Amino acid sequence: MKYLIQVCISAALFCACKSSTSSPPASDSIAVAISKPDDGLTGLYTGDFDGKKIYITINYARNNHLAGYNVHLGLRRNVSGSYKIAGDGIDVTLNEPGDHPFDGKFTIHLDAAGDKGTGKWVPLNNAKLSTKEFSLTKVIRTGDKGNNFEADYPMGGDNRDITFKNDGSAVLNYYPQINDSTRAGQMVTVRGTWERKGDSLYVTWEKKGDLPEPATLYTITYEGEGENRWLSGVETADSIRYWVGP
């Protein structure tokens, strides 16, 4: 009888121990999923920033440190900062260098996957600028073209070339036309940001002194049909054609 009682007590203790080591609550699984977000944070994010596109590229994410750059209205600024797990996502802080009048500090909250987020930008040293709030969406992951547009190489035109980069920036180099037969000897470089809608590219250019603004709408052109169709260049409404370069 004494032996039977000891067996029953042992069984009860075993069940109690097993119950106390049951699976953790579901909230812990979220923490596990985002406890190592390094690889998930790198890539290209874009969003609406005060009515204009902003692109933020994160190309380094290790040991809670981040580095990359952003492009807005053709202005590219390096950023560096940190990240930490916070509730249901990831809190990110990115600082621009501070040596430009338009530099500021980004605070961003991303979801657990690092795909979407909301943020705030606060100017560092310019009392004339105001805080901006924005949303971000990841459009290109590391090693992924994302936007399905063959970019990052120049397209050549008549006395000009243009490059649409995968980070959302655009660069136009050209020689201004003085009259019907003469062009300026000094090349002008204009920078901007672009976004694709269907087969159209919309560009917001920086203001370049008194020079007229370049075209803001470009149509992607192709040759061939079906599986044999290939990208041949882009064209503006005023018939300026840029052919795909080598």
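Predicted model: local features only at pLDDT ≥ 70, side-chain atom pairs only at ≥ 80, totals over all residues.
1. What kinds of residues line the largest pocket? Eight are nonpolar, six are charged and three are polar.

2. Now for the charged pairs. Side chains of opposite charge can pair when their charged atoms come close. The whole structure holds six salt bridges, and three of them are worth a look here.

3. Find Glu195 and Lys53, whose side chains form a salt bridge at 3.8 Å, N to O. Glu195 belongs to strand β12 (residues 188-197) and Lys53 to strand β2, so this pair ties together parts 142 residues apart in sequence. Glu195 is partly exposed, at 24% relative accessibility, and Lys53 is partly exposed at 26%.

4. Next, look at Asp103 and Arg77, which meet in a salt bridge at 2.8 Å, N to O. Asp103 sits in the loop between β5 (89-95) and β6 (104-111), while Arg77 is in strand β4, 26 residues away in the chain. Are these two residues buried or exposed? Both Asp103 and Arg77 are buried. They also belong to a network of salt bridges that includes Asp99.

5. Finally, Arg196 and Asp199 form a salt bridge at 3.2 Å, N to O. Arg196 is partly exposed at 27% relative accessibility, and Asp199 is partly exposed at 34%.

Conventions. Residues numbered from 1 in each chain as written. Heavy atoms only, no water. Nonpolar A, V, L, I, M, F, W, Y, C, P; charged D, E, K, R; others polar. Salt bridge = Lys/Arg side-chain N within 4 Å of Asp/Glu carboxyl O. Helix = DSSP H or I, 4+ residues; strand = E, 2+ residues; numbered from the N terminus. Buried < 20%, exposed > 50% of the residue type's maximum accessible area, 1.4 Å probe, protein only.
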